[in-house]
Amino acid sequence: MKANVGGIDRILRITLGLALIALAATGTVGAWGYVGIVPVLTGLFRFCPVYPLLGFSSCPLSDRK
């Protein structure tokens, strides 16, 4: 897996994912809020499986491994 999630994209994914999980845990939104696990994981692993399908990467060339 090559990294394809860059810095700002990574921060946004983790932040929004954690916010969704927190909202689901407090009952503010339904159980669908636990879908926030997906952006958290893609942010932590710096890989989004949809990006290669679209031919996209938000990761600078120097960060790709």
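View 1. R46 sits in the loop between α2 and α3 (50–54). In this predicted model, R46 comes after α2 and has a positive phi, near 60°. What makes that value worth a look is that R46 is a residue other than glycine. Most residues other than glycine have a negative phi.

**View 2. The whole chain, for orientation.** The protein chain has three helices and zero strands, and from the N terminus on its elements run α-α-α. Along the principal axes, the C-alpha trace spans about 40 × 20 × 15 Å. Of the 65 residues, 29% count as buried. Contacts between residues 24 or more positions apart make up 62% of those with a separation of 6 or more.

**View 3. Helices α1 and α2 pack against each other.** Here you can follow α1 (residues 7–25) alongside α2 (residues 37–45). Their axes lie 7 Å apart and meet at an angle of about 150°. An angle over 145 degrees counts as roughly antiparallel, and α1 and α2 are therefore described that way. The crossing of the two helices is left-handed. On the α1 side, the contact is made by R10, R13, I14, G17, L18 and I21, which meet I37, P39, V40, T42, G43 and L44 of α2. Sorted by kind, the residues of this contact are seven nonpolar, three polar and two charged.

**View 4. The two sides of helix α2.** Which residues of α2 are buried? They are V40, T42 and G43. Looking down the axis of α2, the buried residues fall within an arc of 170°, so they line one face of the helix. These buried residues pack against α1. Turn to the face directed away from the buried side, and you find the exposed residues L44 and F45.

**View 5. R13, an arginine in α1.** R13 lies in helix α1. Is R13 buried or exposed? Its relative accessible area is 15%, and R13 is buried because that value is under the 20% cut-off. Leaving aside its neighbours within four places in sequence, R13 is in contact with V5, P39, V40, T42, G43, C48 and Y51. V40, T42 and G43 are themselves buried.

View 6. The last panel brings together residues from separate parts of the chain. G7 lies in helix α1, and at 44% relative accessibility G7 counts as partly exposed. How far apart are G7 and S58 in sequence and in space? They are separated by 51 residues in sequence and by 8.0 Å in space, C-alpha to C-alpha. The second pair involves P60, found in the segment after α3. P60 is partly exposed too, with a relative accessibility of 40%.

Definitions and conventions: Residues are numbered from 1 along each chain as its sequence is written. This is a predicted model: local features need pLDDT of at least 70, side-chain atom pairs count only at pLDDT 80 or more; totals for chains, interfaces and linings use all residues. Side-chain values use heavy atoms; hydrogens and water are left out. Helices (H or I, at least four residues) and strands (E, at least two) are DSSP runs, numbered from the N terminus. Buried means under 20% relative accessible area, exposed over 50%, partly exposed in between (1.4 Å probe, protein chains only). Contact means heavy atoms within 4.5 Å. Axes are lines fitted to C-alpha atoms, for helices over the stretch in contact, and angles run from 0 to 180 degrees between N-to-C directions. Angles under 35 degrees count as roughly parallel, over 145 as roughly antiparallel, 65 to 115 as roughly perpendicular and the rest as oblique. A crossing is left-handed if the near helix is turned anticlockwise from the far one by less than a right angle, and right-handed if clockwise. Ala, Val, Leu, Ile, Met, Phe, Trp, Tyr, Cys and Pro count as nonpolar, Asp, Glu, Lys and Arg as charged, and the others, Gly among them, as polar. The arc is that of the directions from the helix axis to the C-beta atoms.
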